[in-house]
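I opened this structure for the first time today and kept notes as I went. The entries follow the order in which I looked things up.

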Amino acid sequence: CPKILFGTPVKIHLTMFVFIVIEFSASLRFITTFPLYSVLVIVLCGPILIATVLVHEWGHLWMSRRIGGGVHEMVIWPLGGYTF
């Protein structure tokens, strides 16, 4: 069930969560030498990555509406996102 932001459905693709799990798993090898590293990976790769991609895609959404286009959906995934 997509969330509606600014009148447009926003979906977070499953691969975003897979990416976060892979990054967290890879960070566990440093848990003995730098215990906070895993926490930083979750904080930086999770919410901050999603937020920056979301803000970037909002730019496409607003510009599309400004020039008279329409946006049906926004999808956020690890390699960026797409608005169509």
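I began with Pro35, which is partly exposed with a relative accessible area of 49%; I take buried as under 20% relative accessible area, exposed as over 50%, and partly exposed as in between, with a 1.4 Å probe and protein chains only. Pro35 has its place in the loop between α1 and α2, where I count helices (H or I, at least four residues) and strands (E, at least two) as DSSP runs numbered from the N terminus. From Pro35 I looked back along the chain to Ile22, 13 residues apart from it, and found that the two C-alpha atoms are separated by 17 Å.

Before going on I noted that the model is predicted, that local features need pLDDT of at least 70 and side-chain atom pairs pLDDT 80 or more, and that totals for chains, interfaces and linings use all residues. I also noted that residues are numbered from 1 along each chain as its sequence is written, and that side-chain values use heavy atoms, with hydrogens and water left out.

Next I turned to helix α1 (residues 14–27) and asked what span its 14 residues should have. At 1.5 Å a residue they should span 20 Å, and the end C-alpha atoms are 20 Å apart, which agrees; the expected span is 1.5 Å times one less than the number of residues. I then listed the buried residues of α1, which are Met16, Ile20 and Ser27. They cover an arc of only 40° around the axis, which puts them on the same side of α1; the arc is taken from the directions from the helix axis to the C-beta atoms. On the other side of α1 I found Leu14, Val21 and Ile22 exposed.

I moved on to Leu36, which lies in helix α2 (residues 36–66) and is exposed, with a relative accessible area of 54%. Leu36 also belongs to a nonpolar surface patch of about 790 Å², to which Phe30, Phe34, Tyr37, Val39, Leu40, Val43, Leu44 and Ile48 contribute as well. For patches I use residues with over 30% relative accessible area and no salt bridge, joining like charges within 9 Å and nonpolar side chains (Val, Leu, Ile, Met, Phe, Trp, Tyr) within 5 Å. The areas come from the Shrake-Rupley method with a 1.4 Å probe, and for residues only the protein chains shown count as cover.

The strands came next, and I treat two strands as paired if DSSP finds at least two bridges between them. Strand β1 (residues 3–5) and strand β2 (residues 8–12) pair in the antiparallel sense over three bridges, with Ile4 opposite Pro9 in β2. Their hairpin has two residues between the strands, and in that loop I stopped at Phe6. The phi of Phe6 is near 55°, a positive value in a residue other than glycine, and at 47% relative accessibility Phe6 counts as partly exposed.

β2 is also joined by three bridges to strand β3 (residues 74–77), and these two run parallel. Here I recorded that Val10 stands opposite Met74 in β3 and that Lys11 has Val75 as its bridge partner. Ile12, in strand β2, counts as partly exposed at 37% relative accessibility. Although Ile12 and Trp77 are 65 residues apart in sequence, I read 6.3 Å between them, C-alpha to C-alpha.

I followed β3 onward to strand β4 (residues 80–83), and these pair in the antiparallel sense over four bridges, the hairpin between them passing through two residues. In β4, Gly81 is the bridge partner of Ile76, and Gly80 is that of Trp77.

My last question was how many salt bridges the structure holds. It holds one, a salt bridge being a side-chain nitrogen of Lys or Arg within 4 Å of a carboxyl oxygen of Asp or Glu. Glu73 forms it with Lys11, and the closest N and O atoms are 3.0 Å apart. Glu73 lies in the loop between α2 and β3 and Lys11 in strand β2, so the pair ties together parts that are 62 residues apart in sequence. Of the two partners, I noted that Glu73 is buried, with a relative accessible area of 15%, whereas Lys11 is partly exposed at 36%.
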